[in-house]
Amino acid sequence: MRHFFHFYLGYTMAGLRWNRLILTVSLVGLAACGGGEKAPPSSSNAAPAAAGSDLTPFQLENGIGPITESIALGPIDKEEAEEGQKVFEAKCSACHKLGERYVGPPLGGILDQITPAFAMNMMLNPQEMYSRHPVVKKLLGEYMTQMPNQGLTQEEAREVVEYLRTTPAPAPAQ
Ligand code: HEC
């Protein structure tokens with residue numbers, strides 16, 4: 001257990017901001033062993049990541065679904081973002097607003113919270129995400145609606161990521 005605690009602590013120290021995920025996993029790590037002295041293990045994608053979880057560290061960080069490698073982001077591609085906005089308005093805006101809670105959580109600035117691959121797996125494979133991923137399971141408990149599979153292609157999902165990158169985070173006080 002302690003290996004994985006330090007593994008995720010490593011992410012924190014790397015300055016990444018997958019806050020909720022780190023919190024969840026860190027708490028599991030703390031509860032299980034209260035911390036430890038061991039050095040972080042090499043980041044293998046094969047080992048289960050936490051007690052009571054059958055997910056790999058990769059899946060915890062990037063979600064479960066067709067996207068099995070991290071998505072590298074370059075400078076924002078405006079055309080791709082515009083295409084993504086069209087997809088978002090047609091297939092997401094019935095449930096998601098950018099700046100406030102709606103049927104689902106607000107998605108403005110969400111890429112500060114989740115990885116692009118996580119967002120894409122959520123779009124492409126929501127059912128498995130809310131059934132198996134601890135962070136999304138918790139969201140389902142909070143929002144009480146199962147996000148449906150909207151039949152996006154991987155390309156469309158990638159465009160939506162590009163669009164979401166251009167959106168501001170919700171104001172803190174709502
Ligand atoms: C019918 C309503 C509905 C539609 C349509 C929908 N979602 Fe969701 N979405 C939800 C709900 C509810 C959740 C919270 C998890 C759950 O309950 O399944 C969620 C969760 C998410 C999350 C995870 C957010 C986080 O904080 O980790 C992302 C990302 C997301 N949706 C993106 C999208 C995108 C992009 C689309 C359009 C392609 C979309 N959703 C369409 C309802 C919806």
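Tutor: A residue is buried if 20 or more other C-beta atoms lie within 10 Å of its own, exposed if 12 or fewer, and partly exposed in between. The model discussed here is predicted.

Student: What makes Pro134 count as partly exposed?

Tutor: Pro134 sits in helix α7. Pro134 has 18 C-beta neighbours inside 10 Å. The limits are 20 or more for buried and 12 or fewer for exposed, so Pro134 falls in between and counts as partly exposed.

Student: Why is Pro148 called exposed?

Tutor: Pro148 belongs to the loop between α7 and α8. Pro148 has 11 other C-beta atoms within 10 Å. The cut-off for exposed is 12 or fewer, so Pro148 is exposed. From C-alpha to C-alpha, Pro148 and Cys92 are 10.0 Å apart, and they are 56 residues apart in sequence.

Student: How do you know that α5 is largely enclosed by the rest of the structure?

Tutor: Nine of the nine residues of α5 are buried, so the helix is largely enclosed. Among them are Pro116, Phe118, Asn121 and Leu124. The buried residues of α5 pack against α3 (57-62), α6, α7 and α8 (154-165).

Student: What makes α4 roughly perpendicular to α8?

Tutor: The axes of α4 (residues 78-91) and α8 cross at roughly 105° and come within 7 Å. Angles of 65 to 115 degrees count as roughly perpendicular, so α4 is roughly perpendicular to α8. By class, this contact has six nonpolar, two polar and six charged residues. On the α4 side the contact includes Glu80, Gln85 and Phe88, and on the α8 side it includes Glu156, Tyr163 and Arg165.

Student: Which residues are closest to the ligand, and how many surround it?

Tutor: The ligand is surrounded by 27 residues, and the closest are Cys92, Cys95, Gly104, Leu140 and Met147. Two or more residues of the shell come from each of α5 (116-124), α6 (126-132) and α7 (134-143). The largest share, four residues, comes from α7.

Student: What is the make-up of that shell by class?

Tutor: The shell has 21 nonpolar, five polar and one charged residues. Gly counts as polar in this scheme.

Definitions and conventions:
Residues numbered from 1 in each chain as written. Predicted model: local features only at pLDDT ≥ 70, side-chain atom pairs only at ≥ 80, totals over all residues. Near = placed C-beta within 6 Å. Contact = placed C-beta atoms within 7 Å. Axes fitted to C-alpha atoms, helices over the stretch in contact; angles between N-to-C directions. Parallel < 35°, antiparallel > 145°, perpendicular 65-115°, else oblique.
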